[in-house]
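Good morning, and thank you for making time. I would like to take you through the sheet and the nonpolar packing of one model.

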Amino acid sequence: MSTHTTTPPGTFDARQVKQDFPILQQTVHGKPLTYLDSAASSQKPLVVIEALDAYYRASNANIHRGVYWLSEHATALYDEAREKVARFINAPDPRSCVFVRNATEALNLVAYSWGRANLEPGDTVVLTLLEHHSNIVPWQIVTAERGATIRYVDIDHDGRLRLDQLDHYLRTERVKLVGVTHVANALGTINPVAEIAARAHAAGALVLVDGAQSVPHMPVDVQALDVDFLAFSGHKMLGPMGIGVLWGRREILEAMPPFLGGGDMIREVTTCGSTWADLPAKFEAGTPSVGDAVGLGAAIDYLTALGMDAVRAHEREIVAYALERLAQVPGVTLYGPTGEDRAGVVSFTLDDIHPHDIASIPDSEGVAIRAGHHCAQPLMDRLGVVATARASFYVYNSEEDVDRLADALQTVRRIFGPGA
């Protein structure tokens, strides 16, 4: 990783950071690549790419099953990656950090394992209109099976949660679990998770947090938040695709049945039945993505060296600049809150131009943004739009990237806008 000696302590220069990312050194359509879709998937620094390469060149073996050196070495690397994850989120016990493919699988694990074992007819699961589909669809399936009900917490006109509605559900219904995104992937709203957890626990409910958009972008401490489950993905935090994490309170995970059955998750198998291995193996059936775990560990090292407080400070600055700069483009409507509870995601529409058309012109200028419903169709319905365009920022983005997007949107107006 590059050293950032020209910036004050606790900060970094995004232009220097960008040099650590090989993919960002290329041109697209003859223009320098400006990547503004990190909420979907982040790019990878060279140190992560090299960690993956080194693992497969020198350390690849199946873990936990061999007494030979290579297997033991691969097992040590896998366990070391889990310890890095635990430190990164301040988890008290690494064994409560379960490796999965992504946040979606982590959320499904909770729904299918905990939900099927604990939900009964008449129970309620409370979600929010800010949720990604991965924290809605599994609960729709499981509550339908179990005869339970889902309630949704609405948002106000700024995109913040109506906590009065949460209080109403907690007071009037038998709420077993509250599922909430820490940062809304479509609006950038940072939800007050610690406050939500306190209210839910007071009513006897558990709290499941989708941290896919928060863990990569700000300090996240599961003990300080006092939640029961946290799910996040490696590919959104500079790590490889194919690795994610479910953290859960150990006593809850130990009481949950397995999610998948097969090798490595058993203690003993007979023709009459099976018993389960201890955590985390109980939830890690089959051969795991060891190389991806090693890559995630390298990504955590990189982010730790930058400093998560510095990552968050950089994000505050660039999103504030983006909101100001994009507001100067005639016809732009911005969605989501302003202020300290806004993460580095900016969703917008431009006149009555379809978001896919909005995104196509910046692409011709080398600027990559996303257009669509962002796996948040209930939220789009609430906003009264079919889709939005979305720019999302990370450690390698600078104000220059925002300027290139704003200039490209002016071109969009000239091509598709009123009078075009």
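Seven strands make up an open sheet of mixed pairing, in the order β4-β10-β9-β8-β7-β5-β6. Strands here are DSSP E runs of at least two residues, helices are H or I runs of at least four, and both are numbered from the N terminus; two strands pair if DSSP finds at least two bridges between them. At the edges are β4 (97-100) and β6 (149-153), each pairing on one side only. From one strand to the next, the twist averages 20°.

The model is predicted: local features need pLDDT of at least 70, side-chain atom pairs count only at pLDDT 80 or more, and totals for chains, interfaces and linings use all residues. Residues are numbered from 1 along each chain as its sequence is written, and side-chain values use heavy atoms, with hydrogens and water left out.

Within the sheet, β8 (residues 206-210) and β9 (residues 229-233) pair in the parallel sense over three bridges. There, Val209 stands opposite Leu230 of β9.

What does Leu230 touch? Leaving aside residues up to four places away in sequence, its contacts (heavy atoms within 4.5 Å) include Ile89, Val209, Val245 and Trp247.

Leu230 is also among the residues with the most contacts inside the largest nonpolar core, which has 81 residues. Such a core is a set of buried Ala, Val, Leu, Ile, Met, Phe, Trp, Tyr and Cys residues joined through side-chain atoms within 4.5 Å, where buried means under 20% relative accessible area with a 1.4 Å probe, protein chains only. Helix α10 (residues 290-306) supplies the largest share of this core, 10 residues.

Technical notes
Axes are lines fitted to C-alpha atoms, for helices over the stretch in contact, and angles run from 0 to 180 degrees between N-to-C directions. Buried means under 20% relative accessible area, exposed over 50%, partly exposed in between (1.4 Å probe, protein chains only).
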